[in-house]
Amino acid sequence: MARDGYLGEFEQMLMLAALRLGEEAYGAAMSAELEAQVGRRVSRGAVYITLDRLEAKGLLSSRMSPPRAERGGRPRRMISVTPEGVRALRDSRAALETLWDGVEALEG
């Protein structure tokens with residue numbers, strides 16, 4: 001997992017995009033999902049470096065799709081969140097909710 005066992009914001013966003021996209025999760029689609037849902041534009045390099053890191057940690061898995069005619073015969077790297085990845089997302093969410101608890105009362 002990430003530093004001290006928790007995921008960073010971008011890691012969480014990518015993993016949540018993968019979960020939202022389900023069987024259609026691949027780098028470009030995940031980037032488009034982030035832009036559509038939260039207005040965040042990301043570089044292709046940042047996406048793939050982060051996907052590699054999350055896969056190395058066992059939080060994601062990937063497989064190559066069959067070649068696609070519309071891609072000039074190239075396959076896509078399809079992404080899935082592992083059960084460990086889902087646990088890491090839940091743990092990170094719980095940690096943030098704990099920190100947010102009571103903050104709303106402090107807002108002016």
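Modeller: The protein chain contains five helices and two strands. The model is a predicted one.

Colleague: What pattern does the protein chain follow along the sequence?

Modeller: The pattern reads α-α-α-β-β-α-α. The C-alpha trace spans about 55 × 30 × 20 Å along its principal axes.

Colleague: Why are H1 and H2 called roughly perpendicular to each other?

Modeller: The axes of helix H1 (residues 9-21) and helix H2 (residues 27-38) cross at roughly 100°. Angles of 65 to 115 degrees count as roughly perpendicular. H1 and H2 are therefore roughly perpendicular to each other. Their axes come within 9 Å.

Colleague: What makes the contact between H1 and H2?

Modeller: On H1, the residues are Phe-10, Met-13, Leu-14, Ala-17, Ala-18, Arg-20 and Leu-21. H2 contributes Ala-29, Met-30, Glu-33, Leu-34, Gln-37 and Val-38. Contact here means heavy atoms within 4.5 Å.

Colleague: How do the residues of the contact of H1 with H2 divide into nonpolar, polar and charged?

Modeller: There are 10 nonpolar residues, one polar and two charged. Arg and Glu count as charged, and the contact includes Arg-20 of H1 and Glu-33 of H2.

Colleague: What share of the residues in the protein chain is buried?

Modeller: Buried means under 20% relative accessible area, and 33% of the 108 residues are buried. The chain exposes about 7,000 Å², with 52% of it supplied by carbon and sulfur atoms.

Colleague: What part of the contacts with a separation of 6 or more joins residues 24 or more positions apart?

Modeller: Such residues account for 52% of those contacts in the protein chain.

Methods: Residues numbered from 1 in each chain as written. Predicted model: local features only at pLDDT ≥ 70, side-chain atom pairs only at ≥ 80, totals over all residues. Heavy atoms only, no water. Axes fitted to C-alpha atoms, helices over the stretch in contact; angles between N-to-C directions. Helix = DSSP H or I, 4+ residues; strand = E, 2+ residues; numbered from the N terminus. Parallel < 35°, antiparallel > 145°, perpendicular 65-115°, else oblique. Buried < 20%, exposed > 50% of the residue type's maximum accessible area, 1.4 Å probe, protein only. Areas by Shrake-Rupley, 256 points an atom, 1.4 Å probe, with all protein chains shown as cover.
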